[in-house]
Amino acid sequence: MAWHQLRKSLLAFGKSQHGALVVAAGGTTGSFAVLVTCCEEAETKNHRRSASSLDGYKKQELPTSVEQLKEKLASSTTNKLLTQRSTEINYVAEKESQSFLVRLFGSKTTKKRLLPPRQTSFLMPPEKVGSYSYHGQDSHQRHVTDDSKHAAPGKKKWVTVVYEKINQDRGNVTFPFYDDKKSALFATFDGHGSKGELVAEYCMQTIPERLQQHPELKTNLEKAVHEIFLKVDKEIRSMAFMEPMHSGSTACLVLIRGQQLSMINVGDSRAVLGTRNNKDDDGTISAVDLTIDQVASNRDERKRILERGGYISEPKEAGMAHRVWLDPQCTRIGLGISRSLGDHALKHSGIIPDPVVTDRTLTPNDEFIIIASDGVWCLMESIEAVNIVQDGFNKGMGASEACLELIEASKKRWNDSEGNTYRDDITAIVIRLDDLWNDANNAV
């Protein structure tokens, strides 16, 4: 197969505690995960570019269960011109003293052993692109028998049980994008709610590929993106097994085409640029937010939500977010972001799936990009994340190692803040920009 006929999408890659490459989709225990998707062209490049992807999607029957969704994603029936093969390698998570095999959508089969990971060839070198995801954790109180030495028979006590959450974050890298050796798409999706991992998974599997197939990708990116996001959101609404009334996902994508950046954002995942103040004398590094968090504290977002009949509550304490609510008492259904794919119970309260699309041209001073879920940004400012990644580069690390440093620093912030009883899912992608395309093409 010719080089330009290959396309791979991947979710967070790295090494486990034992040094073995882990390939999976979802949360891990002490390790990190990657989903690899390989697409092979079944028709010529020109035929595919002239096809109207949206017309094709209207004829597709949407899945009605998790099993059908998995089958659909594996066979890639969404476009007749492409044949998509997904490779999934399972990983083991420890949960309350039992081993579970956690598959693509969080289903569990007891007492299975981790299979040796398949060797995977990545098209983007880890020195240039690093991508990691770490599962969150939560806790609850449990009433148990006090078996201490001096306890009275039958006496009960309350204990705090900390457990690992299913990782609802997703992310991928698509390279080459649209058969262009100097284009790549980087994306993170942060799911939330009862079935947020399903919503994030569906967004990850559909949005990047549909964007490549859209006939107006190059002539009107903003129109293409809006059509795709609204269509995907409508599809999510029709899939009851995703519980779309109370489940949703953010989406933060950065499309790099040569030296041109295009940011596509819904929700509070964020893309940040690390840039030097003066390239010649190795000046200090600065952080430039490439996307703006879409939350109710934003003036424009607040105005839109209130005009559409939504209700907003103020934070109860420092560090907490404004929330959008369904009712004036702010007791029924609330959400900490103002735009989302899914969350259809709040559509009449101003929660919309419309993405914000912005552009920027790279300069020689621009060093790297960070794209991360709010597991990073909740307890860390943009400049802090940029400094952590830059410190890694100063120590001779590649993008993958520097990304891991950011993940570990975020994890420590959560532990320090919540006393090891809660941690959000943490996902980040780091792209080192210097000589990116030459290194990427030489790695193929």
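**View 1. Leu261 sits in strand E14, shown here in a predicted model.** Leu261 is fully tucked away: its relative accessible area is 0%, so it counts as buried, the cut-off being under 20%. Setting aside the residues within four places in sequence, its contacts are Val254, Leu255, Ile256, Leu290, Thr358, Asp359, Arg360, Leu362 and Ile369.

**View 2. Strand E14 pairs with E13 and with E21.** Let us step back from Leu261 to the strand that holds it. Six of the seven residues of E14 are buried, so the strand is largely enclosed by the rest of the structure. E13 and E14 run antiparallel and are joined by seven bridges; look for Leu253 opposite Ile264 of E14. The hairpin of E13 and E14 has two residues between its strands, and Gly258 in this hairpin has a positive phi near 65 degrees. E14 and E21 also run antiparallel, joined by six bridges. Here Gln260 has Thr361 of E21 as its bridge partner.

**View 3. The largest nonpolar core brings together 31 residues.** Phe189, Ile207, Leu211, Phe229, Met242 and Leu253 have the most contacts inside this core. Two or more residues come from each of strand E11 (183-193), helix H4 (196-213), helix H5 (221-238), strand E13 (251-257) and strand E14 (260-266). H4 is the leading contributor, with eight residues. Another core lies apart from this one; it has 24 residues, including Ile370, Trp377, Val389 and Phe393.

**View 4. Helices H4 and H5 pack with their axes 10 Å apart.** The angle between the two helices is about 145 degrees, and H4 passes H5 in a right-handed crossing. On the H4 side, the contact is made by Val199, Tyr202, Cys203, Thr206, Ile207, Arg210 and Leu211. H5 meets them with Leu221, Val225, Ile228, Phe229, Lys231, Val232, Glu235 and Ile236.

**View 5. Helix H8 spans residues 382-394.** From first C-alpha to last, its 13 residues reach 18 Å, close to the 18 Å expected at 1.5 Å a residue. Which residues of H8 are buried? They are Ser382, Ala385, Val386, Ile388, Val389, Gln390, Gly392 and Phe393. Their cover includes strands E15 (270-276), E16 (285-289), E22 (366-372) and E23 (426-432), as well as helices H7 (374-377) and H9 (399-418). Following H8 is Gly396, with a positive phi near 90 degrees.

**View 6. Strands E17, E18 and E19 form an open antiparallel sheet, in that order.** E17 (311-313) and E19 (334-335) stand at the edges; each has a single partner strand, so one side of each is left without a neighbour in the sheet. Three bridges join E17 to E18 (residues 323-325), and Tyr311 can be found opposite Trp325 of E18.

View 7. Most residues other than glycine have a negative phi, and most peptide bonds are trans. The peptide bond from Phe175 to Pro176 is cis, with omega near -5 degrees; Pro176 belongs to the loop between strand E10 (169-175) and E11. Asp343 has a positive phi near 50 degrees and lies in the loop between strand E20 (341-342) and strand E21 (356-361). Asp343 is buried, with a relative accessible area of 4%. Asn420 has a positive phi near 70 degrees and is placed in the loop between H9 and E23. With 41% relative accessibility, Asn420 is partly exposed.

Terms used:
Residues numbered from 1 in each chain as written. Predicted model: local features only at pLDDT ≥ 70, side-chain atom pairs only at ≥ 80, totals over all residues. Heavy atoms only, no water. Core = buried A, V, L, I, M, F, W, Y, C linked by side-chain atoms within 4.5 Å. Buried < 20%, exposed > 50% of the residue type's maximum accessible area, 1.4 Å probe, protein only. Helix = DSSP H or I, 4+ residues; strand = E, 2+ residues; numbered from the N terminus. Contact = heavy atoms within 4.5 Å. Expected span 1.5 Å × (residues − 1). Pairing = 2+ DSSP bridges. Axes fitted to C-alpha atoms, helices over the stretch in contact; angles between N-to-C directions. Left-handed = near helix turned anticlockwise from the far one by under 90°.
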